2 protein chains.
Amino acid sequence: MSDDQLQILLAFFKTLAEESRLKILGLLSTGERSVGELAALLDLKEPTVSHHLAKLKELDLVEVRAEGNTRFYQLKRQGLEAVNKQLFSLEMIASWADDVEAEAWERKVLTDFFENGRLKDIPAQRKKRDVILRWLASQFEVGREYTEMEVNDLIRKIYPDSATLRREMIEQGLLKRERNIYWRLAPPQA
Amino acid sequence: MSDDQLQILLAFFKTLAEESRLKILGLLSTGERSVGELAALLDLKEPTVSHHLAKLKELDLVEVRAEGNTRFYQLKRQGLEAVNKQLFSLEMIASWADDVEAEAWERKVLTDFFENGRLKDIPAQRKKRDVILRWLASQFEVGREYTEMEVNDLIRKIYPDSATLRREMIEQGLLKRERNIYWRLAPPQA
DNA sequence: CTTCTAATTAGATGTATATCTAAATAGGAG
DNA sequence: CTCCTATTTAGATATACATCTAATTAGAAG
């Protein structure tokens, strides 16, 4: 499971981890209701109910129908059923931690090769070197342009040989250069 | 579905609505881990992990084995499987709101019969009168003893005829009397 | 007994968010 | 256009809780 699938599942739990929202789903399960009706039944103000409905709508658990300026909400069954299907299989749970060990290993590489905020050596192993390079790239702001001198200055804060690290970041596609202007590429979506 | 079943389900969602805890379950799904291992893998301090494990244990999702000072936690499959079974059936969702309409009706009875903090009349209908009586009983502290005069004073704050309301509370088993001492009975578990 | 290590408990802090009031939006009726 | 009603948006407040540090507990080894 990729990290953003975990995030989706997490968002789902967060949304359902609220008493009023569970009750709203319960009330909608027997038919549509207006915001005002829900507010009266739950003893809440309309803005509060509106807020909850917006969250449920984000997850595609409810849908709206307007009639005048009244809005009738109703349950969207498919949303719940889809999640229900394969939520708690053991493989699914196992996959929640897929990235965790890899991330722990990367943190270890970083602490092993850094000391007092400076890089001790450039790792010889490709995988470890990439971890260092990705960290270094993360020090550059996305969307900002840097001169070669700015790039070098930033690198030299952690390691004297800026030329090597700069070249490797370019090779790895972490930094991009055109006419002596450098900029960081956005990391692949997490 | 009774209200405390809703509360159990809610506790379940709340517990799972947290990224670290999902990851812990993921890590444990492949075998047991010590608190320290989990902390290192998740980049958290031991107390934080301990806190999460305690929450998971409350819901019977994990179990512990001690070995010297070290405690190895592992997943308790049955806990997850049990919940998984009938979580999102439509009847289940519908039942989340079982009490909501009844509660809304009771609130309406109260607002209908009260004005400026005083009872306008004693409702003639049995069901409505019971709502008033239960509310009145709720004004008494559980575990405290009251003299008859204290009881009357408290009732008269909302209605002049204290004798009738006092007698009816006794009849309904809301208030108990012995040798002119009164006390409130604990409401049936919510 | 003292020391070391692993974990938990206590207490403090910061962040997320449920709820509210007030203001803005928008449909329908006169 | 003005008024009324239903809802949403904005902004403020208060509560819940994830996380940390510091202190405590408890096993194991010298």
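Let's start at DNA strand D: α3 (35–42), α4 and β3 (70–75) of chain A, along with α4 of chain B, each supply at least two residues of the surface near this strand. Keep in mind that this is a predicted model. Below we look at both DNA strands, then at how chains A and B relate, and finally at some helix packing in chain B.

**Around DNA strand D**

- In total, 23 residues surround DNA strand D.
- The closest ones are A:Ser34, A:Gly36, A:Pro47, A:Ser50 and B:Gly68.
- Sort the surface near DNA strand D by class and you get six nonpolar, 11 polar and six charged residues.

**Around DNA strand C**

- DNA strand C is surrounded by 23 residues.
- Here the closest are B:Ser34, B:Gly36, B:Pro47, B:Ser50 and B:Asn69.
- The class count for the surface near DNA strand C is six nonpolar, 11 polar and six charged residues.

**How the two chains relate**

**Where the chains touch**

- Chain B puts 34 residues into the contact, and chain A puts in 34 residues.
- On the chain B side, α1 (3–16), α2, α3, α5 (77–85), α6 (90–95) and α7 (98–113) each supply at least two residues.
- α2(B) gives the largest share of that side, with six residues.
- By class, the side of chain B that touches chain A has 21 nonpolar, five polar and eight charged residues.

**Chain A as a whole**

- Chain A's secondary structure comes to 10 helices and eight strands.
- A compact globule of 190 residues would have a radius of gyration near 16 Å, but for chain A the value is 25 Å.
- Along the principal axes, the C-alpha atoms of chain A fill a box of roughly 70 × 40 × 30 Å.

**Helix packing in chain B: α2 with α4**

- How do α2 (residues 19–28) and α4 of chain B cross? Their axes come within 10 Å, at an angle of roughly 75°.
- α2(B) and α4(B) are therefore roughly perpendicular to each other.
- From α2(B), the contact uses B:Ser20, B:Arg21 and B:Ile24, while α4(B) brings B:His52, B:Leu53, B:Lys55 and B:Leu56.
- Those contact residues divide into three nonpolar, two polar and two charged.

**Helix packing in chain B: α3 with α4**

- The axes of α3(B) and α4(B) lie 9 Å apart, and the helices pack at an angle of about 110°.
- That makes α3(B) roughly perpendicular to α4(B).
- Which residues make this contact? On α3(B) they are B:Val35, B:Gly36, B:Leu38, B:Ala39 and B:Leu42, and on α4(B) they are B:Glu46, B:Val49, B:Ser50 and B:Leu53.
- Here the classes work out as six nonpolar, two polar and one charged.
- B:Gly36 and B:Ser50 take part in this helix contact, and they are also among the residues closest to DNA strand C.
- B:Leu53 of α4(B) takes part in the contact with α2(B) and also in the contact with α3(B).

Notes: Residues are numbered from 1 along each chain as its sequence is written. Chains are lettered from A and ligands numbered from 1 in the order in which they are written. This is a predicted model: local features need pLDDT of at least 70, side-chain atom pairs count only at pLDDT 80 or more; totals for chains, interfaces and linings use all residues. A residue is near a molecule or strand if its C-beta atom, placed from the backbone, lies within 6 Å of it. Ala, Val, Leu, Ile, Met, Phe, Trp, Tyr, Cys and Pro count as nonpolar, Asp, Glu, Lys and Arg as charged, and the others, Gly among them, as polar. Axes are lines fitted to C-alpha atoms, for helices over the stretch in contact, and angles run from 0 to 180 degrees between N-to-C directions. Helices (H or I, at least four residues) and strands (E, at least two) are DSSP runs, numbered from the N terminus. Angles under 35 degrees count as roughly parallel, over 145 as roughly antiparallel, 65 to 115 as roughly perpendicular and the rest as oblique. Two residues are in contact if their C-beta atoms, placed from the backbone, lie within 7 Å. The radius of gyration is taken over C-alpha atoms; the globule rule is 2.2 Å times the number of residues to the power 0.38.
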